[in-house]
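Morning, everyone. Please have the model open while I talk.

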Amino acid sequence: MTMTIVPVAHARRYPPRVTEFTAPFWLNLTQGLFSTTRCRSCHRLSFPPKPICPHCWKDEIDWEVLPTLGSLYSWTRIHAGPAVFAGDLPYVVGIIDLEIGIRLGCSLVEQREPWLCDIKMELVTLSFADGPLLGARPVSAIATH
Amino acid sequence: MAAARLSVSRRAVIIGTSAVPVARYQTTPGKGDYQVVEHEMLARLVIDAMKDARADRTEVKSIVVAQPRPYTRQQYFSTFMASYLKLPCSGIVMEVLGNGMTAALAFDKALDEVMLGRTEVALALGINMETAVSAADHMMESMRKTGDVDFHTPSGFTPISWYALDMMRYMHEHKVSRADIASVAVKNRKHASLNPLAQFRKLVTLEEVIAQRPIVEPLGLYEVPPRGDGAACAVVASEEYAKTLGVPYVRVRARSFFHEGAHQINDVPNDMIALDAAATAAKAAYQDAKVVPGDIDVAELYAPCTIVEVMASEAAGFTSRGGGAYAASAGETSLGGRIPIATSGGLTSRGHPSYATPLYNVIELADQLRGRAGERQVENAELGLLMNELGNYNAAMVHILEACR
């Protein structure tokens, strides 16, 4: 279940805040592991990780490391972005439907081939100079970094 | 789950409107001899709209203002405007904020004040000034409105990128081309050419639309909203009071709202391009008004991009799923067509001063239903649909408006 770690030379453009509660997610991500919370009562997953279950409102949850295969629900290449992302333009983001039933949005690792909806994807750890972010790339991608 | 809808006996109506043409008005403090300030512009509009309504200012007991952008220097804008206009109020004086629905909420809350009997006349005001702030700097704020600010924003999502994501998916599922969807921009520019309030009035061809530089693929410059400033005022009143004025008015025949309980990205996968909230709210409004989509004569949708008009027109029941782009390219949604949509020119051409935009849509429908839309008049327009839907923020508010002449 370990993800590929893709190094990125610069720091994150808009670093996330880490809370005492979400710290395990970021620590796991640094090590190439995707994790989120599962409710002890109704057993449903939620993402981003939450200290409560949004489905049944119970407050006992467990962290779980999860498999990271999925498909590309949609994608776009952004040519006009916020000031802090100016150095990255254009960049690609997408929506990934994981096989475990979670949908999330993240950066896509740019490729030469055209992007297509429904292609098989895997999550990766983007390892920036100051910490990790979640990313995704096609399953068939050959690491070029 | 059904959408909440109108259930009081007292009816609210629109009796007066005014707005400035959408344009670039905002100035940068310290640059140039003179500045443009929001309250001077808005105060003139209130007086114009009240003249249009022929209403007595002493009947105004409620003022609801769409919260201006953070760039507006004057703060606590609603009590400030009440002071600027010397309007003591016993109903409410407040600002509202709710994503792109902000000015629709000002309109809706003004209607509530009338329906609850707190006032005979209420003002709904909106002003949006942002063009002196660069798009890249503006997006430093707007990116924080996308998804979860710690789990999505760091990847560089922007509000408009979500519509691009919708469009990629739509093209994939419905096998519809970018050009078919882009025909919406050509159609709306033609409508805007007839609207004195529109920001862009020069006709464009489909080839010109397609040739523009990409903003968020597959959307190019003419398929996304231009940045603009604007200000608008709607005067609403009880129907009893409106009848004493002897002016044509517009009755709010139905109102509905729905939010899916999902903000932009739902970790439980849903059909992102169905706009379920819009479909649910529209259905509730039709039921409440005892009409069907085919009864509507003209519609104004909150559709920042071409693809949003396509998806929203499907959700409103004007066209079949997957048929929205073809309906536009076939002229069905043009002036003179089966169901004219965005006769104002829509958000891409009339303009999109975001926190005032829904009031511009109210004004367009009020003009159509009061028979004073000039060259873009829809003949015998009796029923109008106002839909403020929030795309992947998964909320929608619908008002069905009716001509009373």
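A search of the whole structure turns up 4 cavities of 30 Å³ or more. Keep in mind that this is a predicted model.

Start with the largest cavity, which holds about 60 Å³ of space. Which residues line it? From chain A there are Phe25(A), Trp26(A), Leu29(A), Phe47(A), Gly105(A), Cys106(A), Leu133(A) and Leu134(A).

In chain A, α1 (23–30), β7 (103–108) and β9 (131–138) each give at least two residues to the lining of the largest cavity. The largest share, 3 residues, is from α1(A). By residue class, this lining has 9 nonpolar, 2 polar and 1 charged.

Next, the second largest cavity, with a volume of about 40 Å³. Its lining consists of Val184(B), Asn188(B), Leu301(B), Ala303(B), Cys305(B), Thr306(B), Glu309(B), Ala342(B), Gly346(B), Leu347(B) and Thr348(B).

Which elements of chain B each supply at least two residues here? They are α6 (178–192), α10 (306–315) and α12 (346–349). Of these, α12(B) provides the largest share of the lining of the second largest cavity, at 3 residues. The lining of the second largest cavity splits into 6 nonpolar, 4 polar and 1 charged.

Notes. Residues are numbered from 1 along each chain as its sequence is written. Chains are lettered from A and ligands numbered from 1 in the order in which they are written. This is a predicted model: local features need pLDDT of at least 70, side-chain atom pairs count only at pLDDT 80 or more; totals for chains, interfaces and linings use all residues. Side-chain values use heavy atoms; hydrogens and water are left out. On a 1 Å grid over the protein atoms alone, a cavity is a set of points where a 1.4 Å probe fits but cannot get out, and a pocket is an open set with protein on both sides within 12 Å along at least five of seven lines; lining residues have an atom within 4 Å of a point. Grid points are joined across faces, edges and corners, and a volume is the space filled by probe spheres set on the points. Helices (H or I, at least four residues) and strands (E, at least two) are DSSP runs, numbered from the N terminus. Ala, Val, Leu, Ile, Met, Phe, Trp, Tyr, Cys and Pro count as nonpolar, Asp, Glu, Lys and Arg as charged, and the others, Gly among them, as polar.
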